[in-house]
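Here is a short report on one protein chain. Keep the sequence and the 3D view open as you read.

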Amino acid sequence: MSSYQLPKIVAIILLLSSCQKKGNEIRHTDIQINKNQHVDFCYINNGNWDTIIIIPPYSKLDLLYFKDEAYMDKVSKIQSIDWINMLLIKKDEIEVGYIEVPRSYLDFKTSNFSYITRNNCSISYHKTKESDVPLIQTEELTLTK
């Protein structure tokens with residue numbers, strides 16, 4: 001192999017690896033649960049979002065529209081499990097990240113798709129007698145196909 005081919009091969013490998021679509025997973029601990037009974041989503045993804053779609057356990061994803069199929073692949077496991085909620089983070093209707101939120105960390109009061117907007121990113125919560133996990137109510141999302 002000649003010395004001028006090696007840089008070309010390295011450049012091609014770097015180019016191909018950078019073109020692969022990968023979902024941006026964000027840690028669930030980036031969701032701030034405050035002692036003043038508020039859950040703060042405002043700084044998730046450095047505030048670079050406008051809508052968070054809450055996907056509850058056992059949801060069928062055929063009603064959701066994904067511009068980036070990599071995100072559908074990442075969140076699809078929610079269809080068959082019940083120990084997490086999946087949060088799909090969007091900016092200008094394009095997926096920019098997702099969060100797997102263990103239900104032992106934070107739970108939602110809905111069994112349907114719901115959403116959070118940047119205008120309402122700090123949400124009050126309560127705890128039930130049965131559990132010490134913060135429970136929040138979000139706006140239900142109406143989806144039709």
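This is a predicted model: local features need pLDDT of at least 70, side-chain atom pairs count only at pLDDT 80 or more; totals for chains, interfaces and linings use all residues.

Strands of a sheet pair through backbone hydrogen bonds, either parallel or antiparallel. S7 pairs with strand S3, residues 51-55, through 4 bridges. The two run antiparallel. Thr-51 has Thr-117 of S7 as its bridge partner. S7 also pairs with strand S10, residues 139-140. Here there are 2 bridges, again in the antiparallel sense. In this pairing, Ser-114 stands opposite Glu-140 of S10.

## The disulfide

How many disulfides does the structure hold? It holds 1. A disulfide is a covalent bond between the sulfur atoms of two cysteines. The cysteines here are Cys-42 and Cys-121, with sulfur atoms 1.9 Å apart. They link distant parts of the chain, 79 residues apart. Cys-42 sits in the loop between strand S2 (38-40) and S3. Cys-121 sits in the loop between S7 and strand S8 (122-126).

The torsion about the S-S bond of Cys-42 and Cys-121 is about 90°, so this disulfide is right-handed. Are the two cysteines buried or exposed? Both Cys-42 and Cys-121 are buried.

## An open sheet

Now look for the open sheet of 5 strands. Its order is S1-S2-S8-S9-S6, and its pairing is mixed. Which strands stand at the edges? They are S1 (32-34) and S6 (107-108). Each has a single partner strand, so one side of each is left without a neighbour in the sheet.

Phe-108 stands opposite Ile-136 of S9.

## A buried glutamate

Glu-95 belongs to strand S5, residues 94-102. Why does Glu-95 count as buried? Its relative accessibility is 4%, and buried means under 20%.

The side chain of Glu-95 has a polar atom 3.0 Å from the backbone nitrogen of Lys-67. The backbone nitrogen of Asp-68 also lies 3.0 Å from a polar atom of this side chain. Leaving aside residues up to four places away in sequence, Glu-95 touches several others, including Tyr-65, Phe-66 and Tyr-71. Leu-88, Ile-89 and Lys-90 are also among them.

Methods
Residues are numbered from 1 along each chain as its sequence is written. Side-chain values use heavy atoms; hydrogens and water are left out. Two strands pair if DSSP finds at least two bridges between them. A disulfide is a pair of cysteine sulfur atoms within 2.5 Å. Buried means under 20% relative accessible area, exposed over 50%, partly exposed in between (1.4 Å probe, protein chains only). A polar contact is a pair of N or O atoms within 3.5 Å; within protein, one must be able to donate a hydrogen and the other to accept it, and residues adjacent in sequence count only if both atoms are side-chain atoms. Contact means heavy atoms within 4.5 Å.
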